[in-house]
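Biologist: Please take one part of this model and look at it closely. Keep it brisk, and give the cut-offs as you go.

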Amino acid sequence: MRELLVQEGYDALSVDAVAERAGVHRTTVYRRWRDVGGLLADVLDAAGSDAWRPPDTGTLEGDLVAVNAELEAGLTDQPVTAALIAASFRSPEAAAALQRFWDDRYTRCAVVVERAVARGEAPEGTCARRVLVAATAPVYQQILLMRDRSDPLLAEQAARGVALAAAHGVFVGGQQE
């Protein structure tokens, strides 16, 4: 299914096409997933059940640079990631699963900001989600929206800028997770 999604896109994805690619009868696929949205949701839910944890480099800047490097690699080295994100705009079930995935990742990454606060790199009350969104948004913008990888320093500079802003209290307040 992943290969079909990457090669052909969401519009070519159907339960029949998935069954054909898998070499099984279509009823086998229909028994488990009633439609493509359910299939995509299961793929996204499975991605959230891994043991991934954010890196601990010893500094907020280093952690954010490392998170951005992993994000950039995930979006460019694994084309299924971008394809699943794009498909989530077409399937309510996949969109809900993607939201669950993001919620899980932001919860896991909150420790990056918690460690920074404990080290005195950011003030108490710094909103982890805001820090993480601000640090990673330029990577998503460049790769997913602009389809451009021509600025290899963007991910590092975005992380550095957000770490500096966090140190100055820019992200204090807001939704805490």
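Modeller: H8 and H9 cross in the right-handed sense (the near helix is turned clockwise from the far one by less than a right angle). This is a predicted model: local features need pLDDT of at least 70, side-chain atom pairs count only at pLDDT 80 or more, and totals for chains, interfaces and linings use all residues. Numbering runs from 1 along each chain as its sequence is written, and side-chain values use heavy atoms, without hydrogens or water.

H8 covers residues 128-145 and H9 covers residues 154-167. Their axes come within 9 Å and cross at roughly 160° (axes are lines fitted to C-alpha atoms over the stretch in contact, with angles from 0 to 180 degrees between N-to-C directions). H8 is therefore roughly antiparallel to H9 (over 145 degrees). H8 brings Val 131, Ala 134, Ala 135, Pro 138, Val 139 and Gln 142 to the contact (heavy atoms within 4.5 Å). H9 answers with Leu 154, Ala 155, Ala 158, Val 162 and Ala 166. By class, that is 10 nonpolar, 1 polar and no charged (Ala, Val, Leu, Ile, Met, Phe, Trp, Tyr, Cys and Pro are nonpolar; Asp, Glu, Lys and Arg are charged; the others, Gly among them, are polar).

The axes of H5 and H9 come within 8 Å and cross at roughly 145°. This crossing is also right-handed. On H5, Leu 60, Glu 61, Leu 64, Val 65, Asn 68 and Glu 72 take part. On H9, the residues include Glu 156, Ala 159, Arg 160 and Ala 163. Ala 155, Ala 158, Val 162 and Ala 166 meet H5, and they also belong to the contact with H8. The H5 contact holds 9 nonpolar, 1 polar and 4 charged residues.

H5 and H8 each give two or more residues to the lining, as do H4 (36-47), H6 (79-88) and H7 (92-119). The lining divides into 18 nonpolar, 4 polar and 4 charged.

H4 and H7 pack against each other at about 10°, with axes 7 Å apart. They are therefore roughly parallel (under 35 degrees). The contact has 8 nonpolar, 2 polar and 4 charged residues.

As for the whole, the protein has 9 helices and 0 strands (DSSP runs: H or I of at least four residues, E of at least two).

Note on methods: Parallel < 35°, antiparallel > 145°, perpendicular 65-115°, else oblique.
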